[in-house]
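Please read it beside the sequence and the structure.

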Amino acid sequence: MTALVIDAGQYAMVADKVRASGSSFYWGMRLLSRPRRFAMYAIYAFCREVDDIADEPGEIETKRRQLAEWRDELDRLYLGRPTHPVAKALIGPVAEFGLPKDDFVAVIAGCEMDGRNEMVRPSMANLELYCDRVACAVGRLSVRVFGEMRPRSLDVANATGMALQLTNILRDVAVDAAIGRLYLPHELLSAHGIEANDPAAVLKHPNLTAVCRELGATARGYFEESDRAMAECSHRTMRPATLMKEMYREIFRQVEAEGFVPRDPPVKVSKGFKLWCILRHGLM
């Protein structure tokens, strides 16, 4: 049992941020003991803070300065002198679970890629780097909080992070295009005869579903890789990761069943499936 001391005000603050986001991850976090749950809430609150900087309207230079300030705040956090409320909430979890600074920095770097509008028709290498930063890095932090690190725990984090982020991308092609973003890789677009850089133009191309289908095969491979790695980890310890993954796997299945045709509003998991998933993976 962790000895992490929890400040009630900090707990309420980060928990509110997670609940307000409406994220499916909330239910996976609810499976954890209160100290581990607090740590996950604090990590997620940090991610929300920096992600909102990248996603909200604003000048690129302003976003750059705000994200640079968060880099400085991480320096202060690891020196024990943070000033931001969310960073203050991270003091205990960082010490208790040995959370590496590099993974927090990676999340900021991923948000900087969005903030600089780099994620329009990226190379496959840049797409993989982006996914590693905004998703796998969070997974690497998370498995440390879940506990009982095993040889393949980080493999779970990396494969699951890739699977979930690629699923996000495939689900949100139309939504992202509406705000000028196009996460589909250059190599796949070119292979299917799509040369436009304008996301709106790409959205209208008849070969777009073929691109999404091919990227979907990559996502499916990561789900399978995650399953293999999880089989060598503690079932109980990895329950939160399993719950999160299965909710996203359902999104992937729906996108696949619809032929990878982009749409707005995007696919959503039903309340019934969420309840079944919570009962299936949360109680067994």
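The points below are grouped by topic, after a note on the model.

The model is predicted, so local features need pLDDT of at least 70 and side-chain atom pairs count only at pLDDT 80 or more, while totals for chains, interfaces and linings use all residues. Residues are numbered from 1 along each chain as its sequence is written, and side-chain values use heavy atoms, with hydrogens and water left out.

**Nonpolar cores**

- A nonpolar core is a set of buried Ala, Val, Leu, Ile, Met, Phe, Trp, Tyr and Cys residues joined through side-chain atoms within 4.5 Å.
- Buried means under 20% relative accessible area, exposed means over 50%, and partly exposed lies in between (1.4 Å probe, protein chains only).
- The largest nonpolar core has 51 residues, and Ile-43, Phe-46 and Phe-104 touch the most other members.
- Helix 3 (residues 34-55) gives this core its largest share, 13 residues; helices (H or I, at least four residues) and strands (E, at least two) are DSSP runs, numbered from the N terminus.
- Leaving aside residues up to four places away in sequence, Ile-43 touches Leu-90, Leu-99, Phe-104, Val-138, Leu-141 and Val-145, where contact means heavy atoms within 4.5 Å.
- Another core, of 39 residues, lies apart from the largest one and has Cys-131, Ile-169, Leu-182 and Phe-252 among its members.

**Helix 13**

- Helix 13 (residues 239-257) has 19 residues and spans 27 Å from its first C-alpha to its last, close to the 27 Å expected at 1.5 Å a residue; the expected span is 1.5 Å times one less than the number of residues.

**Cysteines**

- With a disulfide taken as a pair of cysteine sulfur atoms within 2.5 Å, the count is zero.
- The closest cysteine sulfur to that of Cys-47 is in Cys-111, at 7.6 Å, too far for a bond; Cys-47 is buried, with a relative accessible area of 13%.
- For Cys-212 the closest cysteine sulfur is in Cys-131, at 14 Å, again too far for a bond; Cys-212 is buried at 1% relative accessible area.

**Aromatic rings**

- Rings of Phe, Tyr and Trp (its six-membered ring) pair if their centres lie within 6.5 Å; planes under 30 degrees apart count as stacked, over 60 as edge-to-face and the rest as tilted.
- There are nine aromatic pairs by this rule.
- Tyr-11 and Phe-38 form a stacked pair, because their ring centres are 6.1 Å apart and their planes are at 25 degrees.
- This pair links distant parts of the chain, 27 residues apart, with Tyr-11 in helix 1 (residues 8-21) and Phe-38 in helix 3.
- Tyr-11 is buried at 10% relative accessibility, and Phe-38 is buried at 1%.
- Phe-46 and Trp-70 form an edge-to-face pair, because their ring centres are 5.4 Å apart and their planes are at 80 degrees.
- Phe-46 lies in helix 3 and Trp-70 in helix 4 (residues 60-78), so this pair ties together parts 24 residues apart in sequence.
- Both Phe-46 and Trp-70 are buried.
- Tyr-11, Tyr-26, Phe-38 and Tyr-41 are linked into a cluster by ring pairs.
- The charged end of Arg-34 sits over the ring of Tyr-11, 3.9 Å from its centre; the rule requires NZ of Lys or CZ of Arg within 6 Å of the ring centre and within 35 degrees of the ring normal.

**Pro-265**

- Pro-265 is in the loop between helix 13 and helix 14 (271-282), and it counts as exposed at 52% relative accessibility.
- The C-alpha atoms of Pro-265 and Val-175 are separated by 7.5 Å, although these residues are 90 apart along the chain.
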